[in-house]
There are 2 protein chains.
Amino acid sequence: MATEAERIAAANRSYAEGFTGAGAVRPARHLAVVACMDSRMDIFAMLGLEVGDAHVIRNAGGIVTDDVIRSLTLSQRALGTREIVLVHHTDCGLLGVSDDDFAAELEADTGAVPRWRAGGFEDAHADVAESIRRLGATPFLLHRDRVTGFVYDVDTGRLLPVDGD
Amino acid sequence: MATEAERIAAANRSYAEGFTGAGAVRPARHLAVVACMDSRMDIFAMLGLEVGDAHVIRNAGGIVTDDVIRSLTLSQRALGTREIVLVHHTDCGLLGVSDDDFAAELEADTGAVPRWRAGGFEDAHADVAESIRRLGATPFLLHRDRVTGFVYDVDTGRLLPVDGD
């Protein structure tokens, strides 16, 4: 077991000592959150979620990829969620990243060409709006009428609603 | 703004009042966690993470998809992480799901064929081992020597290490 994994295993032993059980597999608030992987977003704490409340889907950027569609489709069709909340944030590592440059660097370094694009963007609010559009364009979700987008400000801890939702 | 989003916005106002700042974009513990989206896993609390410590990537199953490879590649190459922790769990919604049946149901209901597979599996420990193998097979990561897999027991709150890491 690697170093940080050992720290995690030790911290988890304390967590489990105070654990009182977690309930059912279906999210109690019928909610799925799609957020960036950024280390500064403790999603449960900053959104006021309790254990068992909501699915949490996270990737680089919090952008709506095929894998997010897969997860949301399972969330809604197999596990009963009906509402989606998107959370992007300020100071994102993908701000200003050029997908072409990133792909060229990867190919130069590894000799392989990725099947995916990095997902860089120029404006967090516009990128949330783009993600909302992608959700609207997929045929697989059962519920697309309750989708809300936010940008999280990593300096203040505040969620800012995105216009157009 | 939809109902649960309003609750989230209200809860976030309380969170922001006690917020003391979050630090830099690069994760302090040089760690990325890949976990299932399950609502019963409050990742920061159950792994003992602080704000700013680690990237958190989550999808249905916590399985290693192309989008997870994209996120981990950015995490390591753009943001300096070096270690990966995988967390699947007991009582997962994907346990026993047939990818073929799920795809057939989607096509029957929507007329469209998804580009992705559901990602069903039969055994959480074996699925973690499969995810570790997939990480080993991608050329894009800089660091693949510190990968640790766990299965989280949703009834006890405990992490169980997966053999073979």
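Predicted model: local features only at pLDDT ≥ 70, side-chain atom pairs only at ≥ 80, totals over all residues.
Now colour the lining by class. The largest pocket has 16 charged residues in its lining, with seven nonpolar and six polar. Next, show the helices. H3 (66-77) and H5 (124-137) of chain A, and H3 and H5 (124-137) of chain B, each give the lining of the largest pocket at least two residues.

Move to the second largest pocket, with a volume of about 200 Å³. From chain A, select A:Val64, A:Thr65, A:Asp66, A:Ile69, A:Arg134, A:Ala137, A:Thr138, A:Pro139 and A:Phe140. H3 and H5 of chain A each supply at least two of its residues.

Next stop: helix H4 of chain A, residues 99-110. Its twelve residues reach 16 Å from first C-alpha to last, close to the 16 Å expected at 1.5 Å a residue.

Which residues of H4(A) are buried? Select A:Asp99, A:Phe102 and A:Leu106. They sit on the same side of H4(A), because they cover an arc of only 65° around the axis. An α-helix has 3.6 residues a turn, so residues three or four places apart point the same way. The buried residues of H4(A) pack against H3 (66-77) of chain B.

Turn to the other side of H4(A): A:Asp100, A:Glu105 and A:Ala108 are exposed there. Finish just after the helix, at A:Gly111, where phi is positive at about 80°.

Terms used:
Residues numbered from 1 in each chain as written. Chains lettered and ligands numbered in written order. Heavy atoms only, no water. Helix = DSSP H or I, 4+ residues; strand = E, 2+ residues; numbered from the N terminus. Expected span 1.5 Å × (residues − 1). Buried < 20%, exposed > 50% of the residue type's maximum accessible area, 1.4 Å probe, protein only. Arc of directions from axis to C-beta. Contact = heavy atoms within 4.5 Å. Nonpolar A, V, L, I, M, F, W, Y, C, P; charged D, E, K, R; others polar. 1 Å grid on protein atoms, 1.4 Å probe; cavity = no way out; pocket = protein on both sides within 12 Å on 5 of 7 lines; lining within 4 Å. Points joined across faces, edges and corners; volume = space filled by probe spheres on them.
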